[in-house]
Amino acid sequence: MKFIRLTEVMAKTGLARSTVYKLISESNFPASVSLGGKSVAWVEAEVEEWMLSKITERDEGVALTA
């Protein structure tokens, strides 16, 4: 298990900081984990799972319209 910081989350997903936090507030993205003080990080596997779910949604949408 690995924690990743916001800059890596943004690099992996292509999302902007504001979009990451907007999606979290809508319960549409994995929440961050407090590391103490003001430091937060994300569980890398959860972010990757979210990314895979987006690919699955895309592929299912293509199958429905084909």
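So, from the N terminus on, the elements run β-α-α-β-β-α, and that comes to three helices and three strands. Helices here are DSSP runs of H or I with at least four residues, strands are runs of E with at least two, and both are numbered from the N terminus. Before I go on, this is a predicted model, where local features need pLDDT of at least 70 and side-chain atom pairs count only at pLDDT 80 or more, while totals for chains, interfaces and linings use all residues. Residues are numbered from 1 along each chain as its sequence is written, and side-chain values use heavy atoms, with hydrogens and water left out.

Okay, overall dimensions. Along its principal axes the C-alpha trace spans about 50 × 25 × 20 Å. The protein exposes about 4,700 Å², and carbon and sulfur atoms supply 57% of that; the areas are Shrake-Rupley with a 1.4 Å probe, and for residues only the protein chains shown count as cover. Of the 66 residues, 23% are buried. By buried I mean under 20% relative accessible area, exposed is over 50%, and partly exposed is in between, using a 1.4 Å probe and protein chains only.

A word on contacts, meaning heavy atoms within 4.5 Å. Take the contacts between residues at least 6 apart in sequence: 42% of them join residues at least 24 apart. As for charge, the mean positions of the 8 positive and 9 negative charges sit 10 Å apart. Lys and Arg count as positive, Asp and Glu as negative, and His and the chain ends are not counted. Each charge is placed at NZ of Lys, CZ of Arg, CG of Asp or CD of Glu.

Now let's go to helix H1, residues 6-13. Which residues of H1 are buried? They are Leu6, Val9 and Thr13. Down the axis of H1, these buried residues fall within an arc of 55 degrees, so they line one face of the helix. That arc is taken from the directions from the helix axis to the C-beta atoms. On the face of H1 turned away from the buried side you'll find the exposed residues Thr7 and Ala11.

Stay with Thr13 for a moment. Its relative accessible area is 18%, so it counts as buried. One polar atom of the Thr13 side chain is 2.8 Å from the backbone oxygen of Val9, and the backbone nitrogen of Leu15 lies 3.1 Å from a polar atom of that side chain. Leaving out residues up to four places away in sequence, Thr13 touches Phe29, Val47, Trp50 and Met51. Just after H1, Gly14 takes a positive phi of about 80 degrees.

There's another positive phi, about 60 degrees, at Ser27, although Ser27 is not a glycine. Ser27 sits in the loop between helix H2 (17-25) and strand E2 (33-36). Buried or exposed, then, for Ser27? Exposed, at a relative accessible area of 65%.

Pro30 is also in the loop between H2 and E2, but Pro30 is buried, at 14% relative accessibility. Setting aside neighbours within four places in sequence, Pro30 contacts Ile24, Trp42, Glu46, Val47 and Trp50. Pro30 and Glu49 are 19 residues apart along the chain, with their C-alpha atoms separated by 9.2 Å.

Over to helix H3, residues 44-65, where we find Glu44. Glu44 has a charged side chain by the counting I gave, and at 16% relative accessibility Glu44 counts as buried. Its side chain makes a polar contact of 3.3 Å with that of Lys12. A polar contact is a pair of N or O atoms within 3.5 Å; within protein, one must be able to donate a hydrogen and the other to accept it, and residues adjacent in sequence count only if both atoms are side-chain atoms. Beyond four places in sequence, Glu44 touches Lys2, Ile4, Glu8 and Lys12.

Last stop is Phe3, in strand E1, residues 3-4. Phe3 is partly exposed, at 42%. Not counting residues up to four places away, Phe3 touches Val33, Leu35, Ala41, Trp42 and Val43. And how far is Phe3 from Gly61, C-alpha to C-alpha? They are 31 Å apart in space and 58 residues apart in sequence.
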